[in-house]
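Below are my notes, in the order I looked things up.

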Amino acid sequence: MHYLRSVLFDAAVVILTLVVSLTVPVMWLFNASSRTVRAVSQVWANGIMFLMKYVVGLDYTVQGRENVPDGPCIIACNHQSLWETAALCAIFPDASIVAKKELRKLPIVGWFLDRYPMILVDRSAGRQALRQMVDEARRAASEGRKVLLFPQGTRQAIGEPVIFQSAGISALYTNLEVSVVPAACNSGLFWGKKTLITHSGTITLSFLPPIAPGLPRKEFQEKMERMIAEEASRLLTLSEAKVSR
């Protein structure tokens with residue numbers, strides 16, 4: 001049954017993505033505003049969440065939402081699956097997301113991501129990439145928007161060592177002078193990196209108390225990594241027995 005649900009979910013996601021993609025050339029042709037681009041993105045993100053819930057039976061719950069300030073901040077979340085990308089887009093529709101610059105090379109899609117606007121980073125560019133990321137994140141914060149990123153850099157499967165690439169988040173923390181909200185989820189239990197099967201159940205997304213600006217860079221980095229790793233471990237321990245297989 002899980003396999004059949006997963007197949008139906010994957011097929012529905014492909015159809016949804018194709019339908020939404022058809023609007024991108026039209027928006028490009030008419031030079032649509034960032035608000036319009038984000039609205040279309042919300043259709044996709046909320047559509048994914050709807051399909052997960054009603055096709056797969058995969059829902060989610062949020063803990064610590066009160067820890068997220070109303071104004072601009074940086075949200076740093078662990079990364080186990082594609083779920084948190086869609087979920088965070090749905091929860092924070094006006095946020096800017098830090099992503100790989102390689103996506104900008106795709107025809108028209110690059111325009112779409114720029115107009116969103118996402119913060120597209122060339123990881124091979126070193127300090128220049130960090131400066132660009134800080135500048136774009138500062139602009140997002142000045143507009144009252146949040147910045148979302150995954151300090152692990154890429155998805156890490158359950159059981160893999162938690163490895164952080166913290167240069168980016170540390171640069172944002174020391175330059176933007178806004179709070180960083182560490183976050184963790186246990187999505188990898190239900191939608192793993194190394195499997196195509198999506199399991200039913202309830203993912204927990206936990207927002208932890210914010211780290212106020214002003215800490216030394218190394219102290220901030222160690223605190224953020226410890227908070228995310230410990231919360232991710234706690235969520236896994238509490239939820240492994242509840243996963244429906």
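How do the residues of the lining of the largest cavity divide into nonpolar, polar and charged? I get 5 nonpolar, 1 polar and 1 charged. My classes: Ala, Val, Leu, Ile, Met, Phe, Trp, Tyr, Cys and Pro are nonpolar, Asp, Glu, Lys and Arg are charged, and the others, Gly among them, are polar.

Ground rules. I'm looking at a predicted model, where local features need pLDDT of at least 70 and side-chain atom pairs pLDDT 80 or more, while totals for chains, interfaces and linings use all residues. Residues are numbered from 1 along each chain as its sequence is written, and side-chain values use heavy atoms, with hydrogens and water left out.

I started with the cavity. The structure holds 1 cavity of 30 Å³ or more, and its volume is about 40 Å³. On a 1 Å grid over the protein atoms alone, a cavity is a set of points where a 1.4 Å probe fits but cannot get out; a pocket is an open set with protein on both sides within 12 Å along at least five of seven lines, and lining residues have an atom within 4 Å of a point. Points are joined across faces, edges and corners, and the volume is the space filled by probe spheres set on them.

I found E84, T85, L88, C89, I97, L148 and F150 lining the largest cavity. Helix α4 (residues 83-91) gives the most to that lining, with 4 residues. Helices (H or I, at least four residues) and strands (E, at least two) are DSSP runs, numbered from the N terminus.

Next I checked the second largest pocket, with about 170 Å³ of space. It has 15 lining residues, and Q80, E160, V162, A232 and L236 are the closest to its centre. By class I noted 7 nonpolar, 7 polar and 1 charged.

**Entry: strand β7**

Why do I call β7 largely enclosed by the rest of the structure? Because 5 of the 7 residues of this strand (residues 201-207) are buried. Buried means under 20% relative accessible area, exposed over 50%, and partly exposed in between (1.4 Å probe, protein chains only).

I looked up its neighbours too. Strand β1 (residues 58-63) pairs with β7 in the parallel sense over 6 bridges, and D59 stands opposite T202. Strand β6 (residues 180-185) pairs with β7 in the antiparallel sense over 3 bridges, with A183 and F207 as bridge partners. Two strands pair if DSSP finds at least two bridges between them.

Helix α7 (residues 167-176) is mostly covered, with 7 of its 10 residues buried; among them I jotted down G168, Y173 and L176. Just after α7, E177 takes a positive phi of about 60°. E177 sits in the loop between α7 and β6 and is exposed, at 63% relative accessible area.

I noted N31 as well: its phi is positive, about 50°, although it is not a glycine. N31 lies in the loop between α2 (23-29) and α3 (34-56) and is partly exposed, at 49%.

**Entry: cysteines**

I counted 0 disulfides, a disulfide being a pair of cysteine sulfur atoms within 2.5 Å. For C73, the nearest cysteine sulfur, that of C77, is 13 Å away, and C73 is buried at 2%. For C185, the nearest is again that of C77, 4.5 Å away; C185 is buried at 0%.
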